[in-house]
Amino acid sequence: TKATFAEIKARDLKISAFLAMNEEMAINQAKAVDATGIDANNVLAGIPIAVKDNIVTKDLTTTAASKMLENFNPIYDATVIEKMRQAQMVTIGKTNMDEFAMGGSTETSAFKTTKNPWDTTKVPGGSSGGSAAAVAAGEVVAALGSDTGGSIRQPASFNGVVGTKPTYGRVSRYGLIAFASSLDQIGPFTRGVKDNAAVLNAISGNDSHDSTSSAQAVPDFTAGLTGDIKGMKIALPKEYLGEGVDADVKEAIQKAVKTFEELGATVDEVSLPNSKYGVPVYYILASSEASSNLQRFDGIRYGFRAQDVKSLEDVYVRSRSEGFGDEVKRRIMLGTFSLSAGTYDVFFKKAAQVRTLICNDFRNVFNDYDLIIGPTAPNTAFNIGDKIEDPITMYMNDILTIPVNLAGLPGMSVPAGFSKGLPVGLQLIAKSFDEATMYRAGYAFE
Ligand code: GLN
């Protein structure tokens, strides 16, 4: 734990991955592990881990990178934090992110800009950019993020680390500050696939505090990591190597296809014809859910309250106007509009219907295949400042990850080489609750 803090002190001035740390608290946690005795069968015992700042922690501020929650001190720990403690892991600190997890570059944070450790003029991706950069920079060996439309997989891709979005319901969302409740999942970042599987094992499982968490048994995700994937049937959607995907990214993925074939898997081209509607469907549904979830930030219950207010309405309007950043306001307005009488049928209901079509596409492919592969993102890390003024371009960056959230499936990004010195990520997508197959393939590939 002390060595981890030394690494963070040495490196984080350049990267700015962390928003909060509490060295004394972490050392005490580590001492408590020493006192109970390290469980020799537990590879995670005593391992420090960083946590995205939208996961509530009792002894560390939790801001979701928003002025709205600046200095907010939660009164409880999220279930994943509790589970990590049971696994004898040590919580080191909280990582930077896009405000309320809305964004793809960590630039919408109200507090700081995190830099990509491979090239500090580039973004680390987002919204879990701080967690991904902290692992890539060697500050920590593991971190937690959250993924609503790609926020674990895309930054994993941009930083050359492994990032997993579990099946919807695999990990409890209790204590995750909600963005879009039907899409959000917490998941791990690590350097390698095996570590990733171990951390997911520690945080998975049914939780009475989250009615959407699943009662499905949690298998040992590390058990099948033998390197043997002979006979595995892999699908490559043609839409995932189509228009808008950079040539160098395509090249890295074609190479990955060859690697899988050499390992004894078969790779066939398939189609996910409705995935092209993923981005508009997501921005209607996710923003609608966000507009409802963010109603609680009213200047009364938590965090920021505007000064010199004249009436109750003034408290609401001014606190929200001054506390939320531009991107969050954009989503609240889009979501409120989509849910309004008169537009509900045209936008929200239609989007929910198309979501079903996207789910059916995946179901059809998984009738015949064990796994789907493709790029995680259409490009490598872009320049800081390049896309932040142009929301549509930023939104399109998630075109390859969003359909997986809409269908509730598990997805993972593993490093698949470099283009001009920047990491390229390979995305692996599996059937619901079949993370084991995804890890098996990722481990054989890495
Ligand atoms: N970039 C997407 C968005 O801005 C996804 C974010 C996420 O997964 N939290 O909504």
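Here are some notes on this predicted model, point by point.

1. **Ground rules.** This is a predicted model, so local features need pLDDT of at least 70, side-chain atom pairs count only at pLDDT 80 or more, and totals for chains, interfaces and linings use all residues. Residues are numbered from 1 along each chain as its sequence is written, and side-chain values use heavy atoms, with hydrogens and water left out.

2. **Strand S4, tucked away.** Six of the six residues of S4 are buried, so the strand is largely enclosed by the rest of the structure. Buried means under 20% relative accessible area, exposed means over 50%, and partly exposed is in between, with a 1.4 Å probe and protein chains only. In a regular strand the side chains alternate between the two faces of the sheet. Here Ala142, Leu144 and Ser146 point one way, while Ala143, Gly145 and Asp147 point the other way.

3. **Who sits beside S4?** Two strands pair if DSSP finds at least two bridges between them. S4 and S2 pair in the parallel sense over two bridges, with valine 51 opposite leucine 144. S4 and strand S6 (residues 185-190) run antiparallel and are joined by six bridges. Phenylalanine 189 in S6 is the bridge partner of alanine 143.

4. **A β-α-β unit.** Strand S7 (residues 233-237) and strand S8 (residues 266-270) pair in the parallel sense over five bridges. One place to look is leucine 236, which stands opposite glutamate 269 in S8. Together with helix H7 (residues 247-262), S7 and S8 make a right-handed β-α-β unit. Right-handed means that, with the strands pointing away from the viewer, the path from the first strand over the helix to the second runs clockwise.

5. **Rings meeting rings.** The structure holds 14 aromatic pairs. Rings of Phe, Tyr and Trp (its six-membered ring) pair if their centres lie within 6.5 Å; planes under 30 degrees apart count as stacked, over 60 as edge-to-face and the rest as tilted. Take phenylalanine 72 and tyrosine 302: the ring centres are 5.5 Å apart and the planes are at 90°, so this pair is edge-to-face. Phenylalanine 72 lies in the loop between strand S2 (48-52) and helix H3 (79-86), and tyrosine 302 in the loop between helix H8 (278-293) and helix H9 (312-323), so the pair ties together parts that are 230 residues apart in sequence. Phenylalanine 72 counts as buried at 18% relative accessibility, whereas tyrosine 302 is partly exposed at 29%.

6. **And the rest of that cluster?** Phenylalanine 297 and phenylalanine 324 have ring centres 6.5 Å apart and planes at 85°, so they are edge-to-face. Both of these phenylalanines are buried. Ring pairs link Phe72, Phe100, Phe297, Tyr302 and Phe324 into a cluster.

7. **Charges over rings.** A charge sits over a ring if NZ of Lys or CZ of Arg is within 6 Å of the ring centre and within 35 degrees of the ring normal. Lysine 233 lies over the face of tyrosine 369, at 5.5 Å from the ring centre. The charged end of lysine 387 sits over the ring of phenylalanine 382, 4.6 Å from its centre.

8. At 61% relative accessibility, asparagine 71 counts as exposed. Elsewhere, a cis peptide bond joins glycine 126 and serine 127, with omega about 10°. Serine 127 lies in the loop between strand S3 (90-95) and helix H4 (129-136).

9. **A contact across the chain.** Serine 287 lies in helix H8 and is buried, with a relative accessible area of 0%. The C-alpha atoms of serine 287 and arginine 330 are separated by 8.7 Å, although these residues are 43 residues apart along the chain.

Methods
Helices (H or I, at least four residues) and strands (E, at least two) are DSSP runs, numbered from the N terminus.
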